[in-house]
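Please read it beside the sequence and the coordinates.

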Amino acid sequence: MDGPDSSAVGRHWYSSVNNDVDPPDDGPSLERIESTFVVSETRREDETLLYVGTPLVSPESMMRELWSVFRESGYEARLTVRDGRYVIVAEPTRLGVRGIPWTNILLFVATVVSTLFAGSMWYYTDPFSNPAEIWQAWPFTAAILGVLGVHEMGHYLMSRYHRVSASLPYFIPIPTLIGTMGAVIKMKGRMPDRKALFDIGAAGPLAGLVATVGVISVGLHLPPVAVPDQLLTDPNTVELRLGYPPLLEFLASAFDQPLYRNDPARDVNPVVIGGWVGLFVTFLNLIPVGQLDGGHILRSMAGSFQRTIAAIVPGALFALAGYLYYVGDHSLNTVLIWCFWGVITIFVATAGPARPVHDEPLDPKRFALGVATFGIGLLCFTPVPVTVVG
């Protein structure tokens with residue numbers, strides 16, 4: 001490390017005397033640190049605290065103990081090596097939103113626009129020839145953003161509960177059939193334990209599922225959309241058929257509402273399509289690999305064995321694609337969906353899941369809830385999500 005530099009802006013050295021070191025005023029006491037890490041000097045760089053010293057135990061064991069000490073003082077600590085010396089770098093834990101989150105707001109507005117354009121297709125309107133008609137798709141946009149927003153806010157609120165730093169949701173606008181690639185939050189802090197990892201991972205799918213069931217229930221009671229006559233008579237018309245997962249089928253049956261499979265003149269209300277998106281997103285997020293929600297949940301349940309299970313997932317998705325193509329006789333478009341996700345899960349699995357600081361086994365109640373959550377995920381699965389006809 002560099003020597004003391006009193007002229008450096010934002011830097012303050014406290015001491016470099018071996019056994020006479022004064023910590024920064026708001027840092028943890030040296031007595032709580034020096035049981036595992038002998039501090040030789042401390043320093044502040046803006047809001048970051050640096051502790052230089054020598055570990056008395058293995059670095060991994062040391063940081064597992066000291067992480068909690070720094071966390072109690074409001075800091076996220078990590079160990080690094082600078083110029084051959086061990087340095088604990090402690091940065092303030094940010095749990096709230098600082099300032100106006102312009103990036104989140106702009107992405108949200110862009111996603112509103114992109115989902116309105118996508119929704120226009122499901123309502124059979126043309127926003128290019130008559131831009132004012134785009135607003136007819138607002139129920140579709142509300143359904144899509146509602147299920148995605150509730151899903152991500154489930155993660156965010158549970159992160160706040162466990163004092164893990166996380167960003168607000170970032171919505172992803174993209175010109176697809178639904179106008180978005182979903183939403184994500186950025187986790188900035190380490191997971192304290194398996195309980196926090198499970199709670200944060202499961203909160204999104206479960207909260208999103210509740211919102212999705214609500215959206216589908218409303219959509220099933222809304223009037224269907226009439227297919228324009230010119231599309232029914234045009235031989236060049238391309239039709240998109242959605243595969244309905246078991247949970248949607250169950251809700252339609254429970255409410256005694258038709259899904260209009262065999263009626264070419266009518267389609268379900270686009271709000272139901274918004275709910276379909278929520279079910280599909282729930283299943284994809286529960287794939288048990290890496291940083292996906294399913295990866296977090298399974299890591300908290302199975303520990304390091306999660307990596308073994310995650311290694312099987314890409315092969316299973318490629319096998320599903322092959323089965324649909326060679327045995328199921330489905331279109332190439334359907335097969336490409338699972339090939340695409342097979343590739344995605346390879347990269348996600350390689351990165352690995354979050355690793356909690358304290359890795360004790362999960363309690364039985366959460367373990368049972370995890371099993372139930374994966375079971376619910378299977379009810380959101382359909383092997384043929386989209387079929388292109390024509």
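Arginine 163 is partly exposed, with a relative accessible area of 38%, where partly exposed lies between buried (under 20% relative accessible area) and exposed (over 50%), taken with a 1.4 Å probe and protein chains only. The model is predicted, so that local features need pLDDT of at least 70 and side-chain atom pairs count only at pLDDT 80 or more, whereas totals for chains, interfaces and linings use all residues. Residues are numbered from 1 along each chain as its sequence is written, and side-chain values use heavy atoms, with hydrogens and water left out.

**Positive phi**
- Most residues other than glycine have a negative phi.
- Arginine 163, which is not a glycine, has a positive phi of about 60°, and it lies in the loop between H4 and strand E6 (170–173); helices (H or I, at least four residues) and strands (E, at least two) are DSSP runs, numbered from the N terminus.
- Aspartate 256, in the loop between helix H7 (246–254) and E10, likewise has a positive phi, near 55°, and counts as exposed at 69% relative accessibility.

**Helix H10**
- Helix H10 (residues 306–326) has 21 residues and reaches 31 Å from its first C-alpha to its last, close to the 30 Å expected at 1.5 Å a residue, the expected span being 1.5 Å times one less than the number of residues.
- Its buried residues are Gln306, Ala310, Val313, Pro314, Leu317, Leu320, Ala321 and Leu324, and they pack against H9 and H11, with contact meaning heavy atoms within 4.5 Å.

**Largest pocket**
- About 1,300 Å³ of space lies in the largest pocket; a pocket is an open set of points on a 1 Å grid over the protein atoms alone, where a 1.4 Å probe fits, with protein on both sides within 12 Å along at least five of seven lines, and its volume is the space filled by probe spheres set on the points.
- Of its 41 lining residues, Met181, Gly182, Val281, Leu284 and Trp341 are the closest to the centre, lining residues being those with an atom within 4 Å of a point.
- The lining comprises 29 nonpolar, 10 polar and two charged residues, with Ala, Val, Leu, Ile, Met, Phe, Trp, Tyr, Cys and Pro counted as nonpolar, Asp, Glu, Lys and Arg as charged, and the others, Gly among them, as polar.

**Second largest pocket**
- The second largest pocket holds about 910 Å³ of space, and among its 28 lining residues Tyr124, Glu239, Leu240, Arg241 and Asp267 lie nearest the centre.
- E9 gives the most to this lining, with four residues, and the lining divides into 17 nonpolar, four polar and seven charged residues.
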